[in-house]
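The following note comments on a single chain, point by point. Please read it alongside the sequence and the model.

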Amino acid sequence: MERDTIELLKDLVAIDSQNPSLVPGAAGESTIAGYVADWAEAAGLAAEIVEATPGRPSVLVRSGGRSARSLLLCGHLDTVGTGEMEDPLTPVVDGDRLYGRGAYDMKAGLAAALIACREAARSRLEVIVAAVADEEHSSLGVQEILRHVWANAAIVTEPTELTVATAHRGFVWTEFSVTGVAAHGSRPHLGVDAIMKTGPILTGLADLNERLRGRVHPRLGQGFVHASIIGGGREESTIPDRCALTIERRTLPGETVDDAERDIAELLDRCRAADPALRVSSRTTLAREPFEVADDEAIVQAVARSATAATGRPAELAGASYWADAAFIAAAGIPTVLFGPDGDGAHAAVEWVSIPGTVACARALTAAAADFCAGLSSR
Ligand SMILES: [Zn+2]
């Protein structure tokens, strides 16, 4: 298992699968999806490519077994851009580490899931791997595969440092448009400075961020809000007639998009009360739900037992700092948990995954499938 997992991981890292929605003209998932389907068929598994969006395929790999329960393992095929990386598509092994774009986020978790599916086929357990497109942008892949599969539980194999991640935050992106009046800089009485008018909104957001400290999730900590993009103005000598501001709110389980929108509406009401001449509009451009699963769900317990056995130390239940496709799978009514290897450098210039961690992940997923699918776990 050890050699097969790492050989598969190297092959996956060597295939360019940068997300074309992030990097214009990038390769996308076509080549890597074809590779995964070929690998699966060579391993005696059934592979089906789904591609509702041309050029953005996902792959469903099925063990072909029939067991008391079915288990979905989900990992994404795409990576972010390679940016300033040196030789990003050459997998380099140095000691216990394997370097390359996507090694950690998340081709190691995907390789481990595929190996676990192959092992499940040998034990006639019903395991499905969803190797999905576009997690790094709009999650086209997971939304598409959920129209084709259902399972009794799911494990998203994003990197969790071998912890059993039972929660992650959601996010809400909001765009503000502040309107002013352009005028010559020497005649400010004829203009309204849209950039200056944005100042109180930014101050209000800083206050909101402070207030969010008041609510703490035991595994995620606090929610927060930060400014992401700001733009406006034409040239030095002109009063700016427009300022556009984009922010991101990271929400905790229990906080809804409506809650986030209400906080923004109240913030703008206060700004307008203080400055009746303020002209501002806001809109939500993208929102994703937070995710949380109960500790006593059978899949959580099965993964915890399996992780303990595979790593030789008691499994830790934790929260994941990032958003993941788990939210979509859980929203489809499938109890879901995150579990994947350790490493570092997701989206960064140097990315690596632990080789022993990847092998431990493959062993833990294999054991979790045996535990869960055979119906040994109980709530
Ligand atoms: Zn990822």
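1. Glu-119 is in contact (heavy atoms within 4.5 Å) with Met-1 and Thr-366, once its neighbours within four places in sequence are left aside. Between the C-alpha atoms of Glu-119 and Met-1 there are 9.0 Å, although the two are 118 residues apart along the chain. Glu-119 belongs to helix 3 and counts as buried because its relative accessibility is 17%; buried means under 20% relative accessible area, exposed over 50%, and partly exposed in between, with a 1.4 Å probe and protein chains only.

2. On the basis of these remarks: this is a predicted model, in which local features need pLDDT of at least 70 and side-chain atom pairs count only at pLDDT 80 or more, while totals for chains, interfaces and linings use all residues. Residues are numbered from 1 along each chain as its sequence is written, and side-chain values use heavy atoms, with hydrogens and water left out.

3. Helix 3 has 20 residues, and 19 of them are buried. From its first C-alpha to its last, helix 3 reaches 27 Å, close to the 28 Å expected at 1.5 Å a residue; the expected span is 1.5 Å times one less than the number of residues. Just after helix 3, Arg-124 adopts a positive phi of about 60 degrees. Helices (H or I, at least four residues) and strands (E, at least two) are DSSP runs, numbered from the N terminus; the chain contains nine helices and 21 strands.

4. Which residues touch the most other members of the largest nonpolar core? They are Leu-71, Ile-155 and Phe-339, in a core of 87 residues. Helix 3 (residues 103-122) supplies the largest share of this core, with 13 residues. Apart from it lies another core, of 17 residues, including Phe-176, Val-178, Leu-212 and Leu-245. A nonpolar core is here a set of buried Ala, Val, Leu, Ile, Met, Phe, Trp, Tyr and Cys residues joined through side-chain atoms within 4.5 Å.

5. Not counting residues up to four places away in sequence, Ile-155 touches Leu-71, Leu-72, Leu-73, Cys-74, Ile-299, Val-303, Val-337, Phe-339, Leu-365 and Ala-368.

6. Ser-17 sits in the loop between helix 1 (2-14) and helix 2 (30-42). Its relative accessibility is 1%, so Ser-17 counts as buried. Beyond neighbours within four places in sequence, the contacts of Ser-17 are Gly-28, Ile-32, Leu-77, Asp-78, Thr-79 and Lys-107.

7. Tyr-99, in strand 5 (residues 97-99), is partly exposed, with a relative accessible area of 22%. With residues up to four places away in sequence not counted, Tyr-99 touches Val-13, Thr-90, Pro-91, Val-92, Asp-94, Val-350, Glu-351 and Trp-352.

8. The domain assignment, which is automatic or from a database, gives domain 1 (2-168 + 291-373) and domain 2 (170-288). Their centres, taken over C-alpha atoms, are separated by 36 Å. At their contact, 14 residues of domain 1 meet eight residues of domain 2.

9. As to the whole chain, its C-alpha trace spans about 80 × 45 × 40 Å along the principal axes. Of the 379 residues, 52% are buried. Among contacts between residues at least 6 apart in sequence, 78% join residues at least 24 apart.
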